[in-house]
Amino acid sequence: MKRIALSIDSFFENFSMVALLAMILIVTVQVMTRKLFNFVLYWSEEVTLLLLVWFSFLGIAIGFREKLHMAIDTFTSKLPPRWNWVLDRFIYASTFAFGVYLVISGAEFTVLMNESTLAATKLPNSVIYVIMPITGVLVCIYSFLQFIGIETKRHYGIEEGEH
């Protein structure tokens, strides 16, 4: 079971890295063809937008998994450990609720946008928004695992200030 979860997790992480690389390449080619040949690839803007949205939403899920979200601990560092434990559980529950919101709203929006198509690629508009419920499911999984005390971090040493 753990191996399956890790492979799904790795797939989405690798997909986001490929999406970022593809965005860089498409935009670079777009700029070069426009400046050098006065020619624009008609599909490049839509595909770049699609990849940007998918990369951004997967980044949200990965950020929650790696606990990279912003936190100000000036106040909480002065609290007893039991209070911090309770606050952490509240944060995990709030994160889970956000994931549920993404699943429900994202699914509704994806269905709503399925009727129209993108102008250049003729893909359904829902292809842009289907990442919302996927991200919501990932956020729910990560926040639940963190709530019950299972470590979700896969990368260490990437926190601010660590080199």
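**Salt bridges, helix packing and a nonpolar surface patch**

Three salt bridges are present in the structure, a salt bridge being a side-chain nitrogen of Lys or Arg within 4 Å of a carboxyl oxygen of Asp or Glu. The model is predicted, so that local features need pLDDT of at least 70 and side-chain atom pairs count only at pLDDT 80 or more, whereas totals for chains, interfaces and linings use all residues. Residues are numbered from 1 along each chain as its sequence is written, and side-chain values use heavy atoms, with hydrogens and water left out.

Arg65 is paired with Asp9 in a salt bridge, with the closest N and O atoms 2.8 Å apart. This pair links distant parts of the chain, as Arg65 lies in helix 2 and Asp9 in helix 1 (residues 2-37), 56 residues apart. Helices (H or I, at least four residues) are DSSP runs, numbered from the N terminus. A salt bridge also joins the side chains of Arg65 and Glu13 (2.7 Å, N to O). Here too distant parts of the chain are linked, with Arg65 in helix 2 and Glu13 in helix 1, 52 residues apart. A further salt bridge connects the side chains of Arg65 and Glu66 (2.8 Å, N to O). Through shared partners, the salt bridges join Asp9, Glu13, Arg65 and Glu66 into one network.

Residues are classed as buried under 20% relative accessible area, exposed over 50% and partly exposed in between (1.4 Å probe, protein chains only). Arg65 has a relative accessibility of 1% and therefore counts as buried. Asp9 is buried at 8%, and Glu13 is buried at 12%. Glu66 is likewise buried.

Two packed helices are described by the angle between their axes and the distance between the axes. The axes of helix 2 (residues 44-65) and helix 5 come within 8 Å and cross at roughly 5°; axes are lines fitted to C-alpha atoms, for helices over the stretch in contact, and angles run from 0 to 180 degrees between N-to-C directions. Helix 2 and helix 5 are therefore roughly parallel to each other, a description given to angles under 35 degrees. Contact requires heavy atoms within 4.5 Å. Among the residues of helix 2 that meet helix 5 are Val53, Trp54, Phe57 and Arg65, and those of helix 5 include Ile131, Leu138, Tyr142 and Gln146.

Val127 is found in helix 4 (residues 126-129) and, at 23% relative accessibility, counts as partly exposed. Apart from neighbours within four places in sequence, Val127 contacts Leu50, Trp54 and Leu118. The C-alpha atoms of Val127 and Trp85 are separated by 39 Å, the two residues being 42 residues apart along the chain.

On the surface, Phe96, Val100, Ile104, Phe144, Phe147, Ile148 and Ile150 form a nonpolar patch with about 600 Å² of accessible area together. Such patches consist of residues with over 30% relative accessible area and no salt bridge, nonpolar side chains (Val, Leu, Ile, Met, Phe, Trp, Tyr) being joined within 5 Å. Accessible areas come from the Shrake-Rupley method with a 1.4 Å probe, and for residues only the protein chains shown count as cover. Helix 3 (81-112) and helix 5 (131-147) each supply at least two patch residues, and the largest share, three residues, comes from helix 3. Phe144 belongs to helix 5 and is partly exposed, with a relative accessibility of 45%.

Conventions. Patch = residues over 30% accessible without salt bridge, like charges linked within 9 Å, V, L, I, M, F, W, Y side chains within 5 Å. Parallel < 35°, antiparallel > 145°, perpendicular 65-115°, else oblique.
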